[in-house]
Protein chains: 4
Amino acid sequence: MKLLITGFDPFGNEIINPAWEAVKLLPGKIEGVEIIKLQVPTVFKESIDILLDGIKEHKPEVVICVGQAGGRYDISVERVAINLDDARIKDNKGNQPIDEPVYQDGENAYFTSLPIKAMVEEVKKANIPASISNTAGTFVCNHIMYGLLYHINKFSLVKRGGFIHVPFIPQQVLDKKNMPCMDLKSIARGLEASIKGIYENTEDLKISGGREF
Amino acid sequence: MKLLITGFDPFGNEIINPAWEAVKLLPGKIEGVEIIKLQVPTVFKESIDILLDGIKEHKPEVVICVGQAGGRYDISVERVAINLDDARIKDNKGNQPIDEPVYQDGENAYFTSLPIKAMVEEVKKANIPASISNTAGTFVCNHIMYGLLYHINKFSLVKRGGFIHVPFIPQQVLDKKNMPCMDLKSIARGLEASIKGIYENTEDLKISGGREF
Amino acid sequence: MKLLITGFDPFGNEIINPAWEAVKLLPGKIEGVEIIKLQVPTVFKESIDILLDGIKEHKPEVVICVGQAGGRYDISVERVAINLDDARIKDNKGNQPIDEPVYQDGENAYFTSLPIKAMVEEVKKANIPASISNTAGTFVCNHIMYGLLYHINKFSLVKRGGFIHVPFIPQQVLDKKNMPCMDLKSIARGLEASIKGIYENTEDLKISGGREF
Amino acid sequence: MKLLITGFDPFGNEIINPAWEAVKLLPGKIEGVEIIKLQVPTVFKESIDILLDGIKEHKPEVVICVGQAGGRYDISVERVAINLDDARIKDNKGNQPIDEPVYQDGENAYFTSLPIKAMVEEVKKANIPASISNTAGTFVCNHIMYGLLYHINKFSLVKRGGFIHVPFIPQQVLDKKNMPCMDLKSIARGLEASIKGIYENTEDLKISGGREF
């Protein structure tokens, strides 16, 4: 099995992106899975283009995109991407779309085809906090996840794909008060465990992973 | 204009539901809008059935469902409902669906047809904290919102519909540590302001209301 | 019984101080207690001077100082003041002392002589969240509380005195994300209930109000 | 220089105490400092007795006690201990004192004699979040810190002493929602850095480390 995993470059006021830093730490092989790494820019459209180029080049069976969720406490595996760009801040090329669809002809949302509950369980088994998230936001993270799932659903581009959000790393929160973080090695180990969860589960587990809101 | 607004009965460990309590406080008329109030049970399926009965009886042009989001800080207007039930806890009749669609023939998600940004602005103008939310969870709140939007999109049941989440009220958090709350009158005033926002805006405002995650 | 209650003027980036706003809303008489109100500046030393002048003029038996604790969730009654000024930000006259004692000849700390647990119970009975706090910080709030208790302990200036911290009010958090607040009327009602608690309890209640940290 | 460092055994609902786990990971020597480790029970009085025995046996120049602060985000170096036991929960032998002094003849509070700001700076230099705390609570952590400082101030038992609070470790928060944690190795590295800060600074730094509340 070949797996392409992407991480964004830094955005907002940050000079580092824990997503890409963690992806870089991954070994070339996890269980039976060959790992291909790709950095993508925090830019609307361009991020999807570069992802599609990478998929064309490497022909992976599975794709995971990874992004920073500064303020979240754990590794959160995203369940769904919505057909909407609504940017609170500018992306790295100055774009700031408001209430625009990612693809005019896309469905309102796509559910990930990854076994998200098996992934969460595998990460927690490694003693790393993890949970399912039901929103990837409305910025470039949701944008690339939607783009990926759009191409999977419409064109069967790859077999399975999805998105993982990771917390800040400690060096990013030294001057932020009461801000959760996770050390980089734990994030990388969490990604590794989640890949193991994908490798070992074609079907997802039938356990609760929901939230009241 | 006639508007039907629903509130859930208490669920989980709570003996009161601020959603219904606030709905009860609303006047019979807000600006030019006639207000019809309806309590719905925190029960999968049944909540939608009772909502549909209420719509058949009262023939409103607009429907808002209101639910409790214990732990949220402000009045949050939901943007989207997803076609998924995944219950962390049992509903009030003991149902606990896991990863089931709300409607087999529904789309993956529906966006609300309410002017959510105009509503948020109107609530904030009344000095009440408010924001857009991009997830209504996977419990009965998302369930009824999805059910409502499904019937609007497939059968043009009513013109516009959506969902608002409200925080705990003070008496619910007296023995919970560091738990945000909002006093009941402010919640009711917030609902009133949001209805004013609906009444005065057929089109939504083109302003940012997005989040990075 | 005559009670002097003070509130600070706005400081930091705020244009309003909920402490003083709430104090202004108090009635002139609460149960058998005559209420004298006094605004004090958020300035080291000067705040104590003006407090002492007010005490000299009005000869109250009880003094409560009230301050803003932006970020706290409830009305918190302070237990202890420490003999230390350590300012993270400048006060309203540009002073920023670092690790200096409030009074060279003062004790390391003074415990309040108010019945803090009875006060908290009374506030909660009014359905307003409240708790004991074990730190009033190291800025002007702790400074004036220490100054008050120093004069009570050394010179028996008044019979009883202490400090109450109050949260932001809603209008202060409209543009702050996930920031707790309490509406102004509830803060005022909370202060009123705490004064009732003082009036009715010479001795404090023997109930737990502690924290692990 | 010889330094005695203590960690508590687990208490409350926890089956592990990150304080003691981190202390165990420390090397026998840090810079020029010999490290002696001692587990203490989470029990009022007994904890101080065992600490005093350890001091008698090992004759250290510096003593640091370390405790768990589940819910805090960073390594927090305590500034002050107050002469008060007020237990929200029972200690490990069923004691639950309410509003009792630690020592009848002690001062209201003692300030630590450790260079807390130098310690915080050193921990942050190691890319580990840290801050000064102005309350060690009213449970056994404050109790042992007060006991230590009482014996230092009254009987010059050792030269310098103080207390450090550490967050939960990841395995403790797997089933707690939105609870901050720090991995065990980072906590141990943080303690090591803080000891370096003690070793290299007889006087504390004159920089701000205060809070408004």
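A pocket is an open set of grid points with protein on both sides within 12 Å along at least five of seven lines. The structure described here is a predicted model.

**The second largest pocket**

The second largest pocket holds about 670 Å³ of space. Its lining is made of 28 residues, and those closest to its centre are B:D183, B:K185, B:S186, C:D183 and C:S186.

**Cavities**

The count of cavities of 30 Å³ or more comes to four. For the largest cavity, the residues nearest the centre are A:M182, A:D183, D:C181, D:M182 and D:D183. The table sets out the volume and the lining of both spaces.

| Space | Volume | Lining residues | Lining by class |
|---|---|---|---|
| Second largest pocket | about 670 Å³ | 28 residues | 16 nonpolar, six polar, six charged |
| Largest cavity | about 110 Å³ | 15 residues | ten nonpolar, three polar, two charged |

**A helix pair in chain C**

In chain C, helix α2 (residues 46-58) packs against helix α4 (residues 140-155) at an angle of about 40°, and their axes are 9 Å apart. The crossing of α2(C) past α4(C) is right-handed. On the α2(C) side, the contact is made by C:S47, C:I48, C:L51, C:L52 and C:I55. On the α4(C) side, C:V140, C:H143, C:I144, C:G147, C:L148 and C:H151 take part. By class, this contact has seven nonpolar and four polar residues, with no charged residues.

How values were computed. Residues are numbered from 1 along each chain as its sequence is written. Chains are lettered from A and ligands numbered from 1 in the order in which they are written. This is a predicted model: local features need pLDDT of at least 70, side-chain atom pairs count only at pLDDT 80 or more; totals for chains, interfaces and linings use all residues. Side-chain values use heavy atoms; hydrogens and water are left out. Axes are lines fitted to C-alpha atoms, for helices over the stretch in contact, and angles run from 0 to 180 degrees between N-to-C directions. Helices (H or I, at least four residues) and strands (E, at least two) are DSSP runs, numbered from the N terminus. A crossing is left-handed if the near helix is turned anticlockwise from the far one by less than a right angle, and right-handed if clockwise. Contact means heavy atoms within 4.5 Å. Ala, Val, Leu, Ile, Met, Phe, Trp, Tyr, Cys and Pro count as nonpolar, Asp, Glu, Lys and Arg as charged, and the others, Gly among them, as polar. On a 1 Å grid over the protein atoms alone, a cavity is a set of points where a 1.4 Å probe fits but cannot get out, and a pocket is an open set with protein on both sides within 12 Å along at least five of seven lines; lining residues have an atom within 4 Å of a point. Grid points are joined across faces, edges and corners, and a volume is the space filled by probe spheres set on the points.
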